[in-house]
Amino acid sequence: MRVLLVGSGGREHAMAAAIARSPRLEALFIAPGNPGTAVLGTNCAVKADDVAGLIALARQERIDLVVPGPEAPLVAGIADACKAAGIACAGPTQAAAALEGSKTFTKEVCDAANIPTARWERFDAAAPALDYVRRHGAPVVVKADGLAAGKGVVVAQSVAEAEQAITDMMTDGTLGQAGHSVVIEDCLVGDEVSLFAFCAGETAVLIGAAQDHKRIGDGDTGPNTGGMGAVSPPTGFGRAEQEAALDVLVRPMLREMARRGTPFTGIIFAGLMLTSDGPQLIEYNVRFGDPEAEALLIRLESDLLSALAAVAKGDLAGTDIRFSGQSSISVIMAAKGYPGRPVTGGVIRNLAVAEALPGVHVFQAGTKRDDAGEIVAAGGRVLAVCATGDTLAQARNRAYEAVGLIDWPDGIYRHDIGERALAAQEKIGQ
């Protein structure tokens with residue numbers, strides 16, 4: 001198969017590495033890719049949200065399968081454009097991608113399908129939103145209704161913090177169009193996990209789960225980010241619990257989407273909270289997560305390309321998903337200033353030295369090559385330093401040893417990725 005992978009982040013680097021292992025692969029193209037993906041295939045200078053440019057590229061390179069990595073091209077309708085061009089695409093239609101493109105749409109689907117989720121209200125103007133949080137009190141969760149690259153959710157511990165989030169999004173327009181409407185939810189309490197499945201119509205096949213670390217600082221402090229690290233599998237949330245959660249949170253959604261005439265075909269990422277009343281849905285995403293994908297895919301032993309081809313065909317019968325029994329972890333190295341204004345341009349050295357450690361993989365995200373051929377920082381989240389191990393403790397030690405070997409003065413990272421999972425293991429005697 002000739003494959004076009006869309007995107008340029010750490011998720012796409014991890015996906016490219018998994019796809020490149022497939023015996024079915026003839027050629028891999030990545031648009032636009034990064035210096036890491038360039039080693040695995042051919043990078044093409046087409047932006048991930050340039051749907052027309054991607055279709056033209058797919059035709060030019062006689063692509064058999066388009067694999068969208070990030071959400072933007074899916075919400076922009078790449079799957080629909082592929083269908084019109086007669087090209088297979090492993091992703092949902094624009095209508096089905098509204099599960100990620102609109103928080104309101106997701107909540108309406110949950111209500112219609114009796115999927116457990118936090119109580120919510122939608123607001124299209126700042127004044128009634130501010131009035132609501134003053135009456136409701138804190139904590140509450142303020143979410144931009146549209147796509148905001150992982151920065152559109154504020155877990156407000158005080159009314160003042162909620163007011164600031166509403167003002168930032170709705171009055172000051174810090175998130176652009178995405179924040180013109182907001183959803184305000186009750187704050188759920190528990191452990192947050194990310195659940196992944198391949199979907200086709202009303203069928204869901206479990207991929208696996210990971211646990212993300214959203215906030216920028218150690219001890220879950222500071223603002224939310226796109227994710228600062230992940231562990232897989234989550235402690236106390238094994239395959240049986242994951243399958244049970246699919247029955248409650250994903251399969252009813254698939255039936256409701258089919259009933260609406262917008263069936264979902266692609267990868268679903270259900271962000272959920274393990275509350276004392278059972279798992280409840282936080283959000284749906286319509287693609288692999290980042291940095292969860294990096295931690296998940298380094299454990300994958302089966303053929304990712306075959307599974308993606310089955311998704312695109314809409315027939316998951318016999319789809320083989322197998323993971324190693326090892327634990328894995330990803331630690332994000334971000335640029336100073338992230339998630340605000342990251343410092344870019346700094347040279348990053350010793351990536352090969354870090355990757356020489358046992359079980360270590362370094363996936364590039366916000367990087368580029370400068371005129372001298374050096375790898376330099378070119379974004380907020382820049383590297384995903386990942387490792388596998390027979391235990392989570394071993395994987396964690398390997399990842400942080402690799403982080404310590406990377407020479408990048410502008411890099412910042414959390415020092416406590418996986419600590420909570422390890423504490424939970426101790427508590428339950430694993």
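Which residues are buried in helix α2 (residues 51–60)? Point 3 takes this up.

1. Basis. This is a predicted model, where local features need pLDDT of at least 70, side-chain atom pairs count only at pLDDT 80 or more, and totals for chains, interfaces and linings use all residues. Numbering runs from 1 along each chain as its sequence is written, and side-chain values use heavy atoms, with hydrogens and water left out.

2. Overall form. The protein chain has 14 helices and 22 strands. These are DSSP runs numbered from the N terminus: helices are H or I with at least four residues, strands are E with at least two. A compact globule of 430 residues would have a radius of gyration near 22 Å, and the 20 Å of the protein chain agrees with that. The radius is taken over C-alpha atoms, and the globule rule is 2.2 Å times the number of residues to the power 0.38. Along the principal axes, the C-alpha atoms fill a box of roughly 55 × 45 × 45 Å.

3. Helix α2. The buried residues here are Val-51, Gly-53, Leu-54, Ile-55, Leu-57 and Ala-58. Buried means under 20% relative accessible area, exposed over 50%, and partly exposed in between, with a 1.4 Å probe and protein chains only. The buried residues of α2 pack against β1 (2–7), β2 (27–32), β4 (65–68), α3 (71–75) and α4 (78–85). Just after α2, Arg-62 has a positive phi of about 55°.

4. Helix α6. In α6 (residues 103–113), 8 of the 11 residues are buried, so the helix is mostly covered. They are Lys-103, Thr-104, Phe-105, Thr-106, Lys-107, Val-109, Cys-110 and Ala-113. Their packing partners are α5 (98–101), β6 (120–123), β7 (140–144), β9 (182–186), α9 (239–259) and β16. Asn-114 follows α6 and has a positive phi, near 55°.

5. Aromatic pairs. The whole structure holds 4 aromatic pairs. Rings of Phe, Tyr and Trp (its six-membered ring) pair if their centres lie within 6.5 Å; planes under 30 degrees apart count as stacked, over 60 as edge-to-face and the rest as tilted. Phe-196 and Phe-288 have ring centres 5.9 Å apart and planes at 40°, so this pair is tilted. Phe-196 sits in strand β10 (residues 191–200), and Phe-288 in the loop between β16 (278–285) and α10 (292–297), so the pair ties together parts 92 residues apart in sequence. Phe-196 is buried at 0% relative accessibility, and Phe-288 is buried at 1%.

6. A tyrosine pair. Tyr-400 and Tyr-413 are also tilted, because their ring centres lie 6.2 Å apart with planes at 45°. Tyr-400 belongs to helix α13 (residues 392–405), and Tyr-413 to the loop between β22 (411–412) and α14 (419–428), 13 residues apart. Tyr-400 is buried at 16% relative accessible area, whereas Tyr-413 is partly exposed at 28%.

7. An aromatic cluster. Phe-196, Phe-269 and Phe-288 form one cluster.

8. Burial and contacts. Of the 430 residues, 57% count as buried. Among contacts (heavy atoms within 4.5 Å) between residues at least 6 apart in sequence, 68% join residues at least 24 apart.

9. Surface and charge. The protein chain exposes about 16,600 Å², and carbon and sulfur atoms supply 49% of it. Areas come from the Shrake-Rupley method with a 1.4 Å probe; for residues, only the protein chains shown count as cover. There are 38 positive and 51 negative side chains, and the centres of the two sets lie 2 Å apart. Lys and Arg count as positive, Asp and Glu as negative; His and the chain ends are not counted. Each charge is placed at NZ of Lys, CZ of Arg, CG of Asp or CD of Glu.
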